[in-house]
Amino acid sequence: MVAETFLEEYLPSIYTCIKCRACLTSNGESKPMCPMNEQFGFFSYSSGGMVLIARAIYEGRLDWSPEVADVLYTCTMCRACSEQCRNIYYLTNEYFNVPYFVEKMREELVNRGKIPAIARDCLKSIDLYGNPYNKPGTKRGAWAEGLGIPSYSGQEFLFFIGDVGSFDERGIKVAQAVSTLLMKKGVSFGILGNDEMSDGNEVKTMGESGLFELLAEKNIQKFKELGVKKIVTLSPHAYNSIRNEYPKRGGDFEVLHYTQLLAKLIEDKKIGLPEVKVTYHDPCYLGRHNQEYEAPRKVLKSIPGVKFVEMNLIKEVAFCCGGGGGNFFTSMLGSGEKSPGRIRVRQAHETGAGVLAVACPLCAKMLDDAVKDEGIEEKLKVKDIAEIINEFET
């Protein structure tokens, strides 16, 4: 037996998995849950399959090969499997956090220099430039030019934009929409502009724990030097890191996702729209990772004139857009009719809604592309919640 020491703490769960495939569908109802399994159709590309891979490696029947790496790096870390797995819970009295387990396996691949080239290049860019786009830090604040957004200088909130909101064309539009809305509503906030750097969430999920520690340390130090007390994030991914990981490293801040802040504005009756039929996609890192399902819905439902409709798979069993776990940058999952994004927009289209609301810049980009690939641009528009409010507010 190979002495894979780091796997030993997971052995009770690894040996409890009975390949029941409950992790693939919603509560046994045959509704798709696992993005990898839907895309590739093989059990190996699922949480249960990855558990079997780990078992085979531990027993010396499988090596840390490029093929294993390719499978492990398709995981979007959506946590759908953890919501569905019950057998391991009944036998070990704890849920098996498969994404965290996959993250640890990716760490081993990083340590062995066995990660896929596209993942390696992404991590190298973040190490060199502080972002995965190979763009200099001096370009990070360009998205805000001409909008009159103040730099952070002691305002109530630091608005943390993140990599996608700073550099991705679709993400920039979301960042601009949210910033415009916050200024319009009189929220006291500022941004770091060129001084911001990656929050590190994707770095950590891709297995580069050393680089994540460096990014977290630098961000925490900067926040403290500036006297930051409250942070509102654009991305659920940044929200996850700053809220859950930074406190373990001395970074104790009050952290909100921007929809949570908007929900508070709704209470003051500051927002209103004409009639529009809207459905909502739960981002995995806001929903399953942080159990925030109600704030975005509260915003949408509280707006006069909005006819809110739900998809069949929502909240704990919402289907992933396919962008998590680094896949937004590496595209390890690939495309095609069975890609997660296209499955999700078909689910949205079935509701009859004309607008698919999102609360994550990664989801906005993934689902925007999926709508185009499905050829339904005239029937379904993907809009961030802030974009909806800015466009239709009366």
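Visitor: What makes the sulfur of Cys 34 too far from the closest cysteine sulfur for a bond?
Guide: The closest cysteine sulfur, in Cys 78, is 6.6 Å away, whereas a disulfide is a pair of cysteine sulfur atoms within 2.5 Å; the sulfur of Cys 34 is therefore too far for a bond. This is a predicted model, in which local features need pLDDT of at least 70 and side-chain atom pairs count only at pLDDT 80 or more, while totals for chains, interfaces and linings use all residues. Residues are numbered from 1 along each chain as its sequence is written, and side-chain values use heavy atoms, leaving out hydrogens and water.

Visitor: What is the case for Cys 284?
Guide: Its sulfur is 3.8 Å from the closest cysteine sulfur, in Cys 320, so this pair is also too far for a bond. The structure holds zero disulfides.

Visitor: Why is Ser 166 called buried?
Guide: Buried means under 20% relative accessible area (exposed is over 50%, partly exposed in between, with a 1.4 Å probe and protein chains only). Ser 166 has 4%, so the word buried applies.

Visitor: How is it known that H17 is roughly perpendicular to H18?
Guide: The axes of helix H17 (residues 340-349) and helix H18 (residues 361-374) cross at roughly 75 degrees and come within 8 Å. Angles of 65 to 115 degrees count as roughly perpendicular (under 35 is roughly parallel, over 145 roughly antiparallel, the rest oblique), and therefore H17 is roughly perpendicular to H18. Helices here are DSSP runs (H or I, at least four residues), numbered from the N terminus.

Note on methods: Axes are lines fitted to C-alpha atoms, for helices over the stretch in contact, and angles run from 0 to 180 degrees between N-to-C directions. Helices (H or I, at least four residues) and strands (E, at least two) are DSSP runs, numbered from the N terminus.
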